[in-house]
Each structure stands twice: as structure tokens, then as C-alpha cells.
Amino acid sequence: MDFSPFSKHLRRNLTDAERALWTTLRNRQITNHKFRRQVTLGNYVADFVCMEKRLIVEVDGGQHMDSEKDAERTAWLESQGYCVLRFWNDEVLKNKEGVVQVIMENLKKR
């Protein structure tokens, strides 16, 4: 279990989009895969992680657009064997079913 203070803070303060997606990812609701939220991996905190499939789901706001730090972060996570899926807040809030479908497809591939 991840007990870093920053991760704990993030778990308690999910964005609306993160909260909406978490209602579907939690409790093994997607093809019986366990997801954890706000997980520390190296120097980074991933929004949602399925450790079994090494799949990370990120829900991003506008501050992440064309972010060099996000590109470095994704490169490092992928070098550790993770697949990183990124969705915009707006996409999660307006098309959660489509987002969940993409997540399910990637779980099957891994």
C-alpha cells in the first residue's frame, strides 16, 4: 500500500472526472481487474493503476496540454513496463462509457 502524504492527499481530493471514473474502476468492476488510485511509482503519482496488467490510466486537465514533464513521466513509466492511457477530464465527464471501453480493450491486450 502506498502511504506517501502526497498520494494520500490526492486520494482524498479527486477531481470530478477522477471521481466519476473511479466509481467504475473500483471494486473490480471492469473484467474483475483491481485498480488502485493515486499510486506512487518512482518519483511520480499515477491516477489509476492496474498492477496485474501494468496499465496506468491518467485523467488530465488543461494544464497537461503539451507538457514536457508529462512526456518525460510517460517515457519513464513505459520504460518500467507500464502502458499509459491518457484521457481529458472533459472526455471522462462527457463520454465515460467510451473511456471505459478503451480501458477494457487495453486490459484484454495486456
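This is a predicted model: local features need pLDDT of at least 70, side-chain atom pairs count only at pLDDT 80 or more; totals for chains, interfaces and linings use all residues.
Local features require pLDDT of at least 70 and side-chain atom pairs pLDDT 80 or more, whereas totals for chains, interfaces and linings use all residues. Residues are numbered from 1 along each chain as its sequence is written, and side-chain values use heavy atoms, with hydrogens and water left out.

The protein chain contains five helices and four strands, taken as DSSP runs numbered from the N terminus (helices: H or I, at least four residues; strands: E, at least two). Read from the N terminus, the order of elements is α-α-β-β-β-α-β-α-α. Among contacts (heavy atoms within 4.5 Å) with a separation of 6 or more, 58% join residues 24 or more positions apart.

The accessible surface (Shrake-Rupley method, 1.4 Å probe) is about 6,500 Å², and carbon and sulfur atoms hold 49% of this area. Of the 110 residues, 41% are buried, that is, under 20% relative accessible area. Cys-50 is buried at 0%, and Cys-83 is also buried, at 18%. The structure has zero disulfides (pairs of cysteine sulfur atoms within 2.5 Å).

A nonpolar core is a set of buried Ala, Val, Leu, Ile, Met, Phe, Trp, Tyr and Cys residues joined through side-chain atoms within 4.5 Å. The largest has 20 residues, of which Leu-21, Leu-25, Phe-35, Phe-48, Leu-55 and Ile-103 touch the most other members. Two or more residues of this core come from each of helix H2 (16-25), strand S2 (44-50), strand S3 (55-60), strand S4 (83-88) and helix H5 (96-109). Beyond its neighbours within four places in sequence, Leu-25 contacts Ile-30, His-33, Phe-35, Phe-48 and Ile-103. A second, separate core comprises eight residues, among them Leu-41, Ala-46, Val-49 and Tyr-82.

Notes:
Buried means under 20% relative accessible area, exposed over 50%, partly exposed in between (1.4 Å probe, protein chains only).
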